[in-house]
Amino acid sequence: MKKSIFIAIALLLVSVFAHAQWTTTGSLTTITNTVGIGTTAPSYPFHLYNTTARSTNSGGSVDFGLDSYNNNLVGSRLYFGRSRGTLAAPLVVQNGDYLSLLDFYGHDGTTAQRAGQLIFKVDGTPASGIVPGAFLFTTVGSDGVNAERMRISSGGNVGVAAPAPISTFQVNSGPYKFSAGGCPGGDLHYGTAYIGFNAARIGRGNSANWTIEGDGSHNGGGVIYSDVAGTLYLAPIPSVGTTTRTLTDIDIKNNITFRVDANGTTYAKAIAVQTTGWPDYVFKKDYTLPSLTDVKTYIDQNQHLPEIPSAQQIEKDGVNVGEMNRLLLKKVEELTLYLIEKDKQDTEKNKLLQALQARVSELEKNNSK
């Protein structure tokens with residue numbers, strides 16, 4: 001047994017010496033050329049080449065090298081390569097092939113267990129001069145499952161819990177996704193960037209479209225975006241069914257219900273503000289309507305209506321829209337009661353005037369006899 005080990009070590013040393021020159025200074029030993037393991041023509045100071053196919057996805061050959069990369073004075077390089085086929089007849093890699101990975105392990109008290117990985121794989125169809133790639137980050141959860149947590153796709157999209165991110169930045173997938181990205185193009189008022197809730201924009205300019213996915217019952221969402229003029233838009237996307245649908249920039253634009261211009265001016269199709277104490281009690285019989293004399297006295301002293309904030313207070317604290325609408329309605333209802341009372345008084349005066357006119361006419365008629 002010991003003899004076999006010594007023979008193996010000797011063969012390894014022979015292989016190393018065949019491709020390297022050694023110099024010794026004191027106790028320091030230096031390799032002055034290259035070392036190859038699995039290859040007779042190493043391309044790097046240390047070159048590891050595996051010609052044994054591990055699986056279809058892994059490919060036929062694995063290339064690993066350490067280099068002191070010196071092109072234009074660039075620093076060191078760590079190289080990973082892979083091909084299908086064999087060393088003698090390499091074949092093109094395919095979409096989904098693993099190009100390289102780093103494994104991280106820890107001891108669980110019994111044996112070493114994987115805790116996570118950094119994986120680089122083919123992300124698309126290779127072509128002459130092009131091998132598109134994606135970077136994957138995995139971790140092992142408390143359930144012991146090694147799962148992908150984040151991905152950078154070949155197109156530059158970043159997905160968190162989204163194995164196939166379709167927007168520049170996407171969290172989760174399906175109808176539960178949160179997306180962010182650019183939205184340039186005239187159909188969106190020359191937008192800058194957007195935040196999408198189950199709404200992800202794919203493409204650029206006026207040729208872009210939006211993906212809205214369904215959960216089996218609904219397929220709604222929403223978009224918030226801004227334009228180069230500094231205007232902010234909010235566009236709810238109502239559900240119209242159960243399946244995935246595709247919308248254009250015009251569709252998003254037509255769903256805008258709220259807009260804030262750069263100067264702070266706000267526009268909205270409709271605003272519902274909830275408030276309490278709606279003043280219908282003004283019309284109840286037990287309500288005490290302030291006299292107009294008291295109202296006039298208050299206005300003369302304060303220069304604003306009772307209960308209504310002053311101009312100074314509004315400038316300082318702003319306006320509570322719901323409360324202000326409640327107070328204004330109360331004043332309108334009180335004004336209505338004043339008008340009803342005034343109309344009642346006018347009616348009684350008219351009746352009295354008509355009676356007096358009838359009496360005068362009768363007296364004039366009697367005097368003329």
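Residues are classed by relative accessible area: buried means under 20%, exposed means over 50%, and partly exposed lies in between (1.4 Å probe, protein chains only). By this scheme Ser-154 is partly exposed, with a relative accessible area of 41%. The structure is a predicted model, in which local features need pLDDT of at least 70, side-chain atom pairs count only at pLDDT 80 or more, and totals for chains, interfaces and linings use all residues. Numbering runs from 1 along each chain as its sequence is written, and side-chain values use heavy atoms, with hydrogens and water left out.

Confidence is given by pLDDT, the predictor's confidence in each residue, from 0 to 100. Its mean over the chain is 86. A value of 70 or more is reached by 85% of the residues. Residues 19-29 stay under 50. For this segment the model has 23 contacts beyond four places in sequence, a contact being heavy atoms within 4.5 Å.

The chain has 22 strands and five helices. These elements are DSSP runs, numbered from the N terminus: helices are H or I with at least four residues, strands E with at least two. Of the 369 residues in the chain, 25% are buried. Among contacts with a separation of 6 or more, 31% join residues 24 or more positions apart.

Aromatic pairs were assigned from ring centres. Rings of Phe, Tyr and Trp (its six-membered ring) pair if their centres lie within 6.5 Å; planes under 30 degrees apart count as stacked, over 60 as edge-to-face and the rest as tilted. Phe-120 and Phe-135 form an edge-to-face pair, because their planes meet at 65°, with the ring centres 5.6 Å apart. This pair links distant parts of the chain. Phe-120 belongs to strand S9 (residues 112-122) and Phe-135 to strand S10 (residues 133-140), 15 residues apart. Phe-120 is partly exposed, at a relative accessible area of 31%. Phe-135 is also partly exposed, with 31% relative accessibility.

A further edge-to-face pair joins Phe-178 and Phe-197, at 5.9 Å centre to centre and 65° between the planes. It too links distant parts of the chain. Phe-178 lies in strand S14 (residues 178-182) and Phe-197 in strand S15 (residues 191-197), 19 residues apart. Phe-178 has a relative accessible area of 30%, so it counts as partly exposed. Phe-197 is partly exposed at 39%. Phe-120 and Phe-135 also belong to one aromatic cluster with Phe-137.

The charged end of Arg-259 sits over the ring of Tyr-267, 4.2 Å from its centre. The criterion is NZ of Lys or CZ of Arg within 6 Å of the ring centre and within 35 degrees of the ring normal.

Most residues other than glycine have a negative phi. His-189 has a positive phi of about 55° although it is not a glycine. Tyr-190, also not a glycine, has a positive phi of about 55°. His-189 is partly exposed at 27% relative accessibility. Tyr-190 is exposed, with a relative accessible area of 55%.

Two other loop residues were characterised. Ser-154 lies in the loop between strand S11 (146-152) and strand S12 (158-160). Beyond four places in sequence, Ser-154 touches Asp-123, Pro-132, Gly-133 and Ala-134. Its C-alpha is 8.4 Å from that of Val-122, 32 residues apart in sequence. Ile-271 lies in the loop between strand S22 (266-268) and H3. Ile-271 is exposed, at 62% relative accessibility. The C-alpha atoms of Ile-271 and Phe-258 are 9.1 Å apart, and these residues are 13 apart along the chain.

Pockets were located on a 1 Å grid over the protein atoms alone: a pocket is an open set of points where a 1.4 Å probe fits, with protein on both sides within 12 Å along at least five of seven lines, and lining residues have an atom within 4 Å of a point. The second largest pocket holds about 170 Å³ of space. Volume is the space filled by probe spheres set on the points, which are joined across faces, edges and corners. Its lining consists of Pro-290, Leu-292, Val-295, Leu-305, Pro-306, Glu-307, Lys-331, Glu-334, Leu-335 and Tyr-338. Helix H3 (292-302) and helix H5 (321-367) are the elements that give two or more residues to this lining. H5 gives the most, with four residues.
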